[in-house]
Amino acid sequence: MSLDLDATFGTTSPVVGMVHLPPLPGSPEYDPDGGREAVLERARTDARALADGGVDGLIVENYGDAPFHAEDVPHHVVAGMTRAATAVTETVDCPVGINVLRNDATAALSVAAAVDAAFVRVNVHTGARVTDQGLVEGRAAETMRLRERIDADVAVLADVAVKHSAPLGERDLGAAVADAIGRGRADGLVVSGPATGSVTDADDLRTVAAARDDTDPDVPVFVGSGVTADSVAELLSVADGAIVGTALKEDGETTNPVDPERVAALVAARDEG
């Protein structure tokens, strides 16, 4: 299935905001003084600020858990993500997605099914990438079969040439898109810059969109990094949606709380574009 943007988000050009969770219990930077409740309260506060500012959906991500496990996170991370995602879904009335870093699609899909989330983001769904966690390989076969096995109505958004990674060798971007859709059965694609908050290369975005059109025009393409109020309208003239984190934070710092004024400004720029 492809992800139906209008049915899911109520618009054909959604802006999806990031709920970057603080370090969860068990992570090196976890704050035992604040405890689990501090993590949950930050998730609620950021989710509320994003929803009030007009975003069309959210992604809950364990951004504070660096250094990340490459593929299989411990059980306590799954539990922590489920609790945080539940806090978010109980706070806001908009579609929610799950991303379990670095690349645990099984955990993300399981959390999403448990909290009735609409989609997951998978950083490496097909192929393989060299990352700071080492070699990360796609597990599309396991992910898509798990979705069927647990009867989860959850879309899979797959990154193409995901940020904070490099290819093992020369690989045509268009071929990677065709594989992600045609062989990996991805429901949507994400294309981003080299790092969190980095501008997405316009040529890469156009290449991905064109390859998508040739493979399955119903599969949406999201811009996954570097979207700002100044660039959102132009990027959405090529892409179908935008996933925005850093630009919506206080002072434009990824780990800061969400700034409601920045959210409203970016959504307004999308609407005026």
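Predicted model: local features only at pLDDT ≥ 70, side-chain atom pairs only at ≥ 80, totals over all residues.
User: Is Asp187 buried or exposed?

Analyst: Asp187 is buried, because its relative accessible area is 0%, and buried means under 20%. The side chain of Asp187 also makes a polar contact of 2.6 Å with the side chain of Arg147.

User: How do I read a nonpolar core, and which residues have the most contacts inside the largest one?

Analyst: The general idea is that nonpolar side chains tend to be buried together in soluble globular proteins. Here, the largest nonpolar core has 71 residues, and Val19, Leu58, Met81, Val88, Ile98 and Leu189 have the most contacts inside it. Helix 4 (residues 105–115) supplies the largest share of this core, with seven residues. There is also a second, separate core of 12 residues, which includes Val16, Met18, Ile59 and Phe119.

User: What does Leu58 touch, leaving out residues up to four places away in sequence?

Analyst: Its contacts include Val19 and Val88, which are also listed among the residues with the most contacts inside the largest core. Leu58 also touches Val16 and Phe119, both members of the second core.

User: Next, strands. Which residues of strand 11 are on each side?

Analyst: In a regular strand, side chains alternate between the two faces of the sheet. In strand 11 (residues 241–244), Gly241 and Ile243 are on one side, with Ala242 and Val244 on the other. These four residues are buried, so both faces are covered.

User: Which strands pair with strand 11?

Analyst: Strands of a sheet pair through backbone hydrogen bonds, either parallel or antiparallel. Strand 1 (residues 15–20) pairs with strand 11 in the parallel sense over three bridges, with Val16 opposite Ile243. Strand 10 (residues 221–223) is also parallel to strand 11, over two bridges, and Phe222 stands opposite Gly241.

User: In what order do the strands of the antiparallel open sheet come?

Analyst: Its three strands have the order 6-5-8. Strand 6 (134–137) and strand 8 (165–167) stand at the edges with a single partner strand each, so one side of each has no neighbour in the sheet. From one strand to the next, the twist averages 35 degrees. Four bridges join strand 5 (residues 128–131) to strand 6, and Arg129 stands opposite Val136.

Key. Residues numbered from 1 in each chain as written. Heavy atoms only, no water. Core = buried A, V, L, I, M, F, W, Y, C linked by side-chain atoms within 4.5 Å. Buried < 20%, exposed > 50% of the residue type's maximum accessible area, 1.4 Å probe, protein only. Contact = heavy atoms within 4.5 Å. Pairing = 2+ DSSP bridges. Polar contact = N/O pair within 3.5 Å; in protein donor to acceptor, adjacent residues only side chain to side chain. Axes fitted to C-alpha atoms, helices over the stretch in contact; angles between N-to-C directions.
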